[in-house]
Amino acid sequence: MTRLRKLMLDELQPSQLRQEHRRSYIHAIQDFAKYFGRSPERLGPEHIRQYQVHLFQDCKLSPGTIHSRTSALRFLFVKTLRTSLSSR
């Protein structure tokens, strides 16, 4: 288990999210990192925008699914990495 995954799991434990939402958050972060081929710690807001376009245009996901994945990324950057998405 990577350090970042451990940090995120630790942050997710006290949250009000149900177990299946926690799993989907982890999956969303894994997919995001895989798409760019690097750790999310080295990515930022522009990468999130590019990823959202990819999900919509290439993967043809619904707006609700894209919103869910974006929520997972927001949780990662704001809660786990304690980063302001507007300043990166």
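**Exercise 1.** Describe the largest pocket of this predicted model: its volume, its lining and the elements behind it.

*Solution.* Begin with the volume, which is about 200 Å³ for the largest pocket. Next, list the lining: Thr2, Leu4, Arg5, Met8, Ile26, Ile29, Gln30, Ala33, Pro40 and Leu76. Two elements, α1 (3-12) and α2 (19-36), each give two or more residues to this lining. Of the elements, α2 gives the most, with 4 residues. Finally, sort the lining by class: 7 residues are nonpolar, 2 are polar and 1 is charged.

**Exercise 2.** Work out how α2 is oriented relative to helix α3 (residues 45-58), and find the residues in contact.

*Solution.* Two packed helices are described by the angle and the distance between their axes. Here the axes of α2 and α3 come within 11 Å and cross at roughly 100 degrees. Angles of 65 to 115 degrees count as roughly perpendicular, so α2 is roughly perpendicular to α3. From α2, the contact uses Ala28, Asp31, Phe32, Tyr35 and Phe36, while α3 brings His47, Ile48, Gln50, Tyr51, His54 and Leu55. By class, this contact of α2 with α3 has 7 nonpolar, 3 polar and 1 charged residues.

**Exercise 3.** Is lysine 34 buried or exposed, and where is it found?

*Solution.* First locate lysine 34: helix α2 holds it. Its relative accessible area is 71%. Exposed means over 50%, so lysine 34 is exposed.

Notes
Residues numbered from 1 in each chain as written. Predicted model: local features only at pLDDT ≥ 70, side-chain atom pairs only at ≥ 80, totals over all residues. Heavy atoms only, no water. 1 Å grid on protein atoms, 1.4 Å probe; cavity = no way out; pocket = protein on both sides within 12 Å on 5 of 7 lines; lining within 4 Å. Points joined across faces, edges and corners; volume = space filled by probe spheres on them. Nonpolar A, V, L, I, M, F, W, Y, C, P; charged D, E, K, R; others polar. Axes fitted to C-alpha atoms, helices over the stretch in contact; angles between N-to-C directions. Parallel < 35°, antiparallel > 145°, perpendicular 65-115°, else oblique. Contact = heavy atoms within 4.5 Å. Buried < 20%, exposed > 50% of the residue type's maximum accessible area, 1.4 Å probe, protein only.
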